[in-house]
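Look at the chain below before reading on. The text then walks through it, from single residues to the whole.

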Amino acid sequence: MRVLQLTFKILTIVGCWRPQSCSSFYLSIIYDIYTVFMIILLYTFLVSQFLDIIWNVDNAEDFTENFYATLASVVSCSKMFSLLVNRKNINMLTNVLVERPYKPSEMDEMRIRYKFDRHIYTNTLCYTILVETTCACITVTSLFTVFKKGNLTYRAWLPYDYYSSTIVFCLTYIHQLISLTAGSLVNVACDSLICGLLAHICCQIEILECRLSKVSNNHETLRDCVRHHNSILEFAFKLNNKFRMTIAMQFVVSTLVVCSNLYQMTKSTDINASYLPLLLYMSCMLTQIFIYCWYGNEVKLKSTQLLTNIFAMDWVTMDRSLKRNLLLIMNRAVVPIEFTSAYVLSMNLDSFVGVSKIIIYNLQIIFIIYY
């Protein structure tokens, strides 16, 4: 059974993962066309926002109004590209989790896997609800404010006069909202995929600890545990290597978007209808940073805890060969599994606190300049 089932359903919706039901040639062609449509949808939205910054924006207020939305589109498009390019790697990383040595073989190990599967499913569902609620709030607020005034939800440069016809304006308006929703789902799919795989690393370390607790004087079982630990390290390295740039971009862009949103909120002294979408949008950005840091921190703690748990075993009664194999695992566990974004920023709670401090510092600067 495939892991991360809810995540793969979302990936299928956004055009990044062809479902197994599309096994025939014609269905595959139809899904590929759908994928191209989703790519065009996201990239045309990004290009229209970017050209507006180049050709139309001429003051700081217009720039900040466009900037946070453009950055979000950049992240969505880059994640879409990363998911499409890494489809084979994603397939490989998820398929090995249902094979040996990762596959649970006993009831205790199955319970561990089930616990983590439920945890991943619940977190993915909650994260999806948060993001899509934000999109719905932006849509509803836009319909009752800017749409009534005959404006688009987001600033954009377009090669045609969308005010010339009501139908053209409505189609352009719908294009922006659909692109917003599609981009949000791409973010959910990519974030939940990476964080889900991080959670599975924690799951595998816990399964390894379960197996080590039953080693006794069985040489073959301990050799399998050494291979399992080595496989976990290789899995973590491959995951970090394939998605490090995506994670780095998420950190940078989320920080800039939060600062831009805070500036948008300081422009008005009265609380208005635009405050709730901005607050929800900002909470999504902070959540994106937090979940990466949280799961990265959990992997680091789990890999460090492995050393302590091995030392707590009844290793004194074991023979020399078993002790040597245990020492091999312990020597490798001394250096914890640590995920980084672009080899620079570690994914842990200390990094989240550091990013939060940067946001607060920028907010103080904004208040000083603005007031």
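Contact, as the word is used here, means heavy atoms within 4.5 Å. Not counting residues up to four places away in sequence, Ser48 touches Ala156, Trp157 and Leu158. Ser48 is found in helix α2. Helices are DSSP runs of H or I with at least four residues, strands are runs of E with at least two, and both are numbered from the N terminus. Ser48 is buried, at a relative accessible area of 5%. Buried means under 20% relative accessible area, exposed means over 50%, and partly exposed lies in between, with a 1.4 Å probe and protein chains only.

A word on the source: this is a predicted model, in which local features need pLDDT of at least 70 and side-chain atom pairs count only at pLDDT 80 or more, while totals for chains, interfaces and linings use all residues. Residues are numbered from 1 along each chain as its sequence is written, and side-chain values use heavy atoms, with hydrogens and water left out.

Now the overall plan. The chain holds 10 helices and 2 strands. In sequence order the pattern is α-α-α-α-α-α-α-α-α-β-β-α. The C-alpha trace spans about 85 × 60 × 30 Å along its principal axes. Of the 371 residues, 50% count as buried. Consider the contacts with a separation of 6 or more: residues 24 or more positions apart account for 78% of them. The accessible surface comes to about 18,600 Å², and 66% of that belongs to carbon and sulfur atoms. Such areas come from the Shrake-Rupley method with a 1.4 Å probe; for residues, only the protein chains shown count as cover.

Next, a pair of helices. Two packed helices are described by the angle between their axes and the distance between the axes. Helix α1 (residues 5-13) and helix α5 (residues 107-144) have axes that come within 8 Å and cross at roughly 40°. Which residues make the contact? From α1 come Leu6, Thr7 and Ile10, and from α5 come Tyr121, Thr124, Leu125 and Thr128. The residues of this contact divide into 4 nonpolar, 3 polar and no charged. Nonpolar covers Ala, Val, Leu, Ile, Met, Phe, Trp, Tyr, Cys and Pro; charged covers Asp, Glu, Lys and Arg; the others, Gly among them, are polar. The axes are lines fitted to C-alpha atoms, for helices over the stretch in contact, and angles run from 0 to 180 degrees between N-to-C directions.

Charged side chains come next. A salt bridge is a side-chain nitrogen of Lys or Arg within 4 Å of a carboxyl oxygen of Asp or Glu. By this rule the count is 11. One of them joins Arg155 to Asp52, with the closest N and O atoms 3.0 Å apart. Arg155 sits in the loop between α5 and α6 (166-212), Asp52 in helix α2 (residues 25-55), and 103 residues separate the two. Arg155 is partly exposed, at 24%.

Glu106 and Lys214 also meet in a salt bridge, at 2.7 Å from N to O. This pair links distant parts of the chain: Glu106 is in the loop between α4 (87-95) and α5, Lys214 in the loop between α6 and α7 (219-266), 108 residues apart. Glu106 is partly exposed, at 39% relative accessible area. Lys214 is partly exposed too, at 38%. Both belong to a network of salt bridges that links Glu106, Asp108, Arg111 and Lys214.

A further salt bridge joins Glu338 to Lys300, with 3.5 Å between the closest N and O atoms. Glu338 lies in the loop between α9 (320-333) and β1 (340-341) and Lys300 in helix α8 (residues 275-311), so the pair ties together parts 38 residues apart in sequence.

Back to the loop between α6 and α7, where Ser216 has its place. Ser216 is exposed, at 53% relative accessibility. Leaving aside neighbours within four places in sequence, Ser216 is in contact with Met318 and Leu322. The C-alpha atoms of Ser216 and Leu322 are separated by 9.1 Å, though the two residues are 106 apart along the chain.
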